[in-house]
Amino acid sequence: MISDVFLAWSLLAQNGGPPPVSGLQSAMPLFTIVAIFVLYIVVIHRPAMRREQQARQAMLAGLKKNDRVITNSGIYGVVTSVQADADEVTIRVDEASNAKLRLTLSAIARVLGDETGAEAKKESK
């Protein structure tokens with residue numbers, strides 16, 4: 001057993017041990033991963049975010065009275081007034097009590113459609 005350990009030490013001493021690795025060679029995998037991540041951000045992620053932002057701006061610009069909407073907090077309502085210059089929209093959330101909420105335009109998550117169009121479809125059935 002001791003002779004085997006001595007033999008291994010003597011062989012390593014003759015070979016000079018493992019070859020030295022330069023700093024650039026050891027950091028190459030890290031540079032590759034960072035380069036792939038940067039390419040992903042530039043080529044895929046940023047254009048997709050831009051398209052989503054443009055679609056959202058178009059949705060909010062097209063918001064009008066009687067549109068049915070859902071807010072970011074999950075409240076359903078019908079738009080009663082839009083004041084784009086004040087960044088404000090008023091929605092009616094209850095028909096019976098005529099309860100209304102004043103919200104910023106950014107609080108609107110989705111536009112479901114026009115209330116008058118939905119009522120016309122219900123009446124025709």
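Visitor: Let me start with one side chain: is E95 buried or exposed?

Guide: Start with the cut-offs: buried means under 20% relative accessible area, exposed over 50%, and partly exposed in between, with a 1.4 Å probe and protein chains only. E95 counts as exposed, at 56% relative accessibility. Before going on, know that this is a predicted model, where local features need pLDDT of at least 70, side-chain atom pairs count only at pLDDT 80 or more, and totals for chains, interfaces and linings use all residues. Residues are numbered from 1 along each chain as its sequence is written, and side-chain values use heavy atoms, with hydrogens and water left out.

Visitor: Which side chain does E95 meet in a salt bridge?

Guide: The general idea is a side-chain nitrogen of Lys or Arg within 4 Å of a carboxyl oxygen of Asp or Glu. Here E95 meets R92, at 3.2 Å from N to O. R92 is buried, with a relative accessible area of 17%.

Visitor: How many salt bridges does that rule give?

Guide: The count is three. One of them joins K64 to D67, at 3.2 Å from N to O. K64 is partly exposed at 44% relative accessibility, while D67 is buried at 3% relative accessible area. R102 and E88 also meet, at 3.3 Å from N to O. That pair links distant parts of the chain, with R102 in strand β4 and E88 in strand β3, 14 residues apart. R102 is exposed, at 63% relative accessible area.

Visitor: You mention strands. How many helices and strands are there in the protein chain?

Guide: Helices (H or I, at least four residues) and strands (E, at least two) are DSSP runs, numbered from the N terminus. The protein chain has three helices and five strands. Along the sequence, the pattern reads α-α-β-β-β-β-β-α.

Visitor: In what order do the strands sit in the sheet?

Guide: Two strands pair if DSSP finds at least two bridges between them. The five strands form an open sheet with antiparallel pairing, in the order β4-β3-β2-β1-β5. At the edges are β4 and β5 (108-114), each pairing on one side only. From one strand to the next, the twist averages 40°. For angles like that, axes are lines fitted to C-alpha atoms (for helices, over the stretch in contact), and the angles run from 0 to 180 degrees between N-to-C directions.

Visitor: How many bridges join β3 to β4?

Guide: Six bridges join β3 (residues 88-94) to β4 (residues 99-104), and the two run antiparallel. V69 has V111 as its bridge partner in β5.

Visitor: Which residues form the nonpolar patch on the surface?

Guide: Patches are made of residues with over 30% relative accessible area and no salt bridge; like charges are joined within 9 Å, and nonpolar side chains (Val, Leu, Ile, Met, Phe, Trp, Tyr) within 5 Å. Areas come from the Shrake-Rupley method with a 1.4 Å probe, and for residues only the protein chains shown count as cover. The patch is formed by L30, V34, F37, V38, L39, Y40, V42, V43 and I44, with about 880 Å² of accessible area together. L30 lies in helix α2 (residues 23-61) and is exposed, at 54% relative accessible area.
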